[in-house]
Amino acid sequence: MMDIGNFCSDKKPAAVNWIEGRGKSVVCEAIINGDVVRKVLKTSVESLVELNMLKNLTGSAMAGALGGFNAHASNIVTAVYIATGQDPAQNVESSHCITMMEAVNGGKDLHVSVTMPSIEVGTVGGGTQLASQSACLNLLGVKGASKESPGANSILLATIVAGAVLAGELSLMSALAAGQLVKSHMKYNRSSKDVSKVSS
């Protein structure tokens with residue numbers, strides 16, 4: 001009866017999916033050593049924690065975000081969904097995500113987490129049967145139904161989605177904190193040629 005009344009809010013942002021969850025609910029977290037933050041991510045724990053508070057939490061709250069307290073979870077969710085034969089329109093509720101960052105171990109290291117209450121994935125039927133998408137699911141070790149534990153493959157796929165989102169959040173937030181995002185766009189994503197003068 002809920003589907004008929006649209007209370008399920010399929011493919012629409014809705015508080016019910018943010019609060020109650022839908023599909024799989026996943027929390028993914030990691031502690032990133034401070035040396036890695038400095039040497040690999042080219043920023044500091046303090047900068048990341050401050051940026052997360054200002055951008056992902058305060059900025060999203062001021063915008064009236066519903067489940068969008070993150071930097072770009074939907075980019076990663078959509079990419080994984082297309083690659084694995086999921087319904088890309090379900091990125092709306094599946095991208096509900098809150099990214100948290102805090103200094104731990106005396107301020108030396110970074111604890112980062114993503115909480116995603118409504119990841120909707122499957123490993124059988126639909127687009128999962130397409131050749132490329134089936135190959136991707138096979139590569140991830142989640143193709144088809146689990147014979148030992150029904151539902152285990154879709155649960156694992158949901159955790160893969162959350163892990164990919166965590167990596168994407170850490171990458172983008174680090175690029176922003178280090179001032180690298182605009183530089184890289186200007187270097188790699190912008191043509192220095194005047195395309196109106198290029199002959200065909």
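**Core packing and salt bridges in a predicted model**

Residues are numbered from 1 along each chain as its sequence is written, and side-chain values use heavy atoms, with hydrogens and water left out.

The overall architecture comes next. The protein chain has nine helices and four strands; helices (H or I, at least four residues) and strands (E, at least two) are DSSP runs, numbered from the N terminus. In order from the N terminus, the elements run α-α-β-α-α-β-α-α-β-β-α-α-α. The C-alpha trace spans about 60 × 50 × 35 Å along its principal axes. Of the 200 residues, 38% count as buried, that is, under 20% relative accessible area, with exposed meaning over 50% and partly exposed in between (1.4 Å probe, protein chains only). Among contacts between residues at least 6 apart in sequence, 70% join residues at least 24 apart.

I return to the core. The largest nonpolar core has 32 residues, and Leu110, Met116, Ile119, Val161 and Val165 have the most contacts inside it. By nonpolar core I mean a set of buried Ala, Val, Leu, Ile, Met, Phe, Trp, Tyr and Cys residues joined through side-chain atoms within 4.5 Å. At least two residues of this core come from each of strand 1, helix 4 (45–62), helix 5 (73–84), strand 3 (97–104), strand 4 and helix 8 (152–177). Helix 8 gives the most, with nine residues.

Which residues are linked in a network of salt bridges? They are Asp10, Arg22, Glu93 and Glu120. A salt bridge here is a side-chain nitrogen of Lys or Arg within 4 Å of a carboxyl oxygen of Asp or Glu, and the whole structure contains five. Asp10 pairs with Arg22, with the closest N and O atoms 3.2 Å apart. Asp10 lies in the loop between helix 1 (2–5) and helix 2 (15–20) and Arg22 in the loop between helix 2 and strand 1 (24–32), so this pair ties together parts 12 residues apart in sequence. Arg22 also meets Glu120 in a salt bridge, at 2.1 Å from N to O. That pair links distant parts of the chain, 98 residues apart, with Glu120 in the loop between strand 4 (109–119) and helix 7 (131–140). Asp10 is partly exposed at 23% and Arg22 is partly exposed at 21%, whereas Glu120 is buried at 9%.

A further salt bridge joins Arg38 and Asp35, at 2.3 Å from N to O. These residues are three apart in helix 3 (residues 34–39), and about one helical turn separates them.

Finally, is Ser94 buried or exposed? Ser94, in helix 6 (residues 91–94), is buried, at 0% relative accessibility. A polar atom of the Ser94 side chain lies 2.9 Å from the backbone oxygen of Gln90, and one lies 3.4 Å from the backbone oxygen of Ser118. Leaving aside neighbours within four places in sequence, Ser94 is in contact with Val77, Tyr81, Met116, Ser118, Ile119 and Glu120.

Conventions
Predicted model: local features only at pLDDT ≥ 70, side-chain atom pairs only at ≥ 80, totals over all residues. Polar contact = N/O pair within 3.5 Å; in protein donor to acceptor, adjacent residues only side chain to side chain. Contact = heavy atoms within 4.5 Å.
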